[in-house]
Amino acid sequence: MTQSLPDQRDARERALTGHAGLPVVVVGAGPYGLSVAAHLRQAGMPVRIFGEVMGSWRHAMATGMFLKSTPAATDLSAPEPGGRLADFRRMHDESELTELTPIPCDVFVRYGLWFQQRYVGEVDPARVVAVDRAQRSDPHFLVGLDDGRRFPAAAVVVATGLSGLAHIPEELRRIVPEGPGVRALVSHTSHHTDLSPYAGRRVAVVGGGQSALESAALLHEAGADVQVLVREPSVLWGMEPDLVRPWTHRVVKPASPLGTGWVLAAVCKAPGGVRRLPAAARMMLFRRALGPSGGWWLRNRVEGIVPVRTSRRVIHVEAAESTVRLGIDGPGGSETLTVDHVLAATGYRLDIDAVPFLSPALRSALGCVPGSKAPDLSDTFESSVPGLYFTGSLAAPMFGPMMRFVAGTGFAATRIARHVARAAPIR
């Protein structure tokens, strides 16, 4: 049950105004954190941003991976013109990217670093390890860093992306009591920056989405003996974009940053409208609007090359010395598969309890979306704790699937910055 902090409702209006001059802290320096910080600084707010710039994109994706999004859906939100991916490419005399050009992750990382230098400025690489109220009757926050520094903040914006939210099914996690990882029998796709050490080894990839299929392609190309186990009866692939669509196609299936179709166009056009839907409808939209699929450009690296076994469910897992025995149920009955490593491409679970730096008191005061452990947010991304904001994937159950992608940075950053600036006028 959510418990209210003392004077919580009255504190909503007082949260920042009594602390002019205190910084707004942004936790996370990925696309959402950088975008929010850029807008806050443009508004004249004192802001401190913590984390490694584009850290997840550097360390939670294997070398050789590409973005699934198109160039038009990968712009960070700048407070003024000139901050798009296309602007970055043009300034560096690099060729224009089109919908037919898969974007290498390292290109996106370079773009993020350029955006930081141009619009954000200094980013402190220290890790935030504690956020709490300074005092129970005081609306501002006390922030603690891993190097021992502690300081007050007027507001806190949590923009940590998917960090700490990787999901590995319990049956796989059970055989790695010391924890999953690159040197364990089981790992998650987010653990890897380099898949080449698996050359010559037998690897089972569990999952049927982009991360599973692209990881399988990279493993095969690195010399691994790999196969993919997919629960669904078939693998879905994206359609190759048509750069010149007839108007009839555009009417029947309008384009959006997340793909074509009226549902996707609507949720991208009006994330605020998604928030006004009943919670059950929002959760259904969150879970079903974009199911697992592979990028169109990846298909010829997988089909007919990497064994992809559909309608397969892992029903038993057993560690045997340095190998893993998987009991698999499929169309032909049960079988046992022995591999050297299991790569879980099993996605992420949104859970506010997995945000470790929030104090128990703050976590207990946070209202959650019914049917989820994601925070319930206002139309300005503020949680039930005044002055504490969440953006990115943790906001997706409130504002829709666009918050899971870079395309949502503009909607989120402008609203957060506007609300913080209005609550804490510069004096």
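Predicted model: local features only at pLDDT ≥ 70, side-chain atom pairs only at ≥ 80, totals over all residues.
I started with how helix H2 passes helix H14, and the crossing is right-handed. For my own notes, right-handed means the near helix is turned clockwise from the far one by less than a right angle, and left-handed means anticlockwise. Helices here are DSSP runs of H or I with at least four residues, strands are runs of E with at least two, and both are numbered from the N terminus.

Residues are numbered from 1 along each chain as its sequence is written, and side-chain values use heavy atoms, with hydrogens and water left out.

Back to the pair: H2 (residues 31–42) and H14 (residues 409–423) pack at about 40°, with their axes 8 Å apart. That angle makes H2 oblique to H14. Oblique is what remains after roughly parallel (under 35 degrees), roughly antiparallel (over 145) and roughly perpendicular (65 to 115). The axes are lines fitted to C-alpha atoms over the stretch in contact, and angles run from 0 to 180 degrees between N-to-C directions. Among the residues that meet, I noted Tyr 32 and His 39 in H2, and Ile 416 and Val 420 in H14. Contact means heavy atoms within 4.5 Å.

Next I looked up Ser 215, which sits in helix H7 (residues 210–221). Is Ser 215 buried or exposed? Ser 215 is buried, because its relative accessible area is 2%; the cut-offs are under 20% for buried, over 50% for exposed, and partly exposed in between, with a 1.4 Å probe and protein chains only. Beyond four places in sequence, its contacts include Met 65, Thr 189 and Leu 343.

So I followed Thr 189, which counts as buried at 9% relative accessibility. Thr 189 lies in the loop between strand S9 (186–188) and strand S10 (202–206).

Last, I counted zero disulfides, a disulfide being a pair of cysteine sulfur atoms within 2.5 Å.
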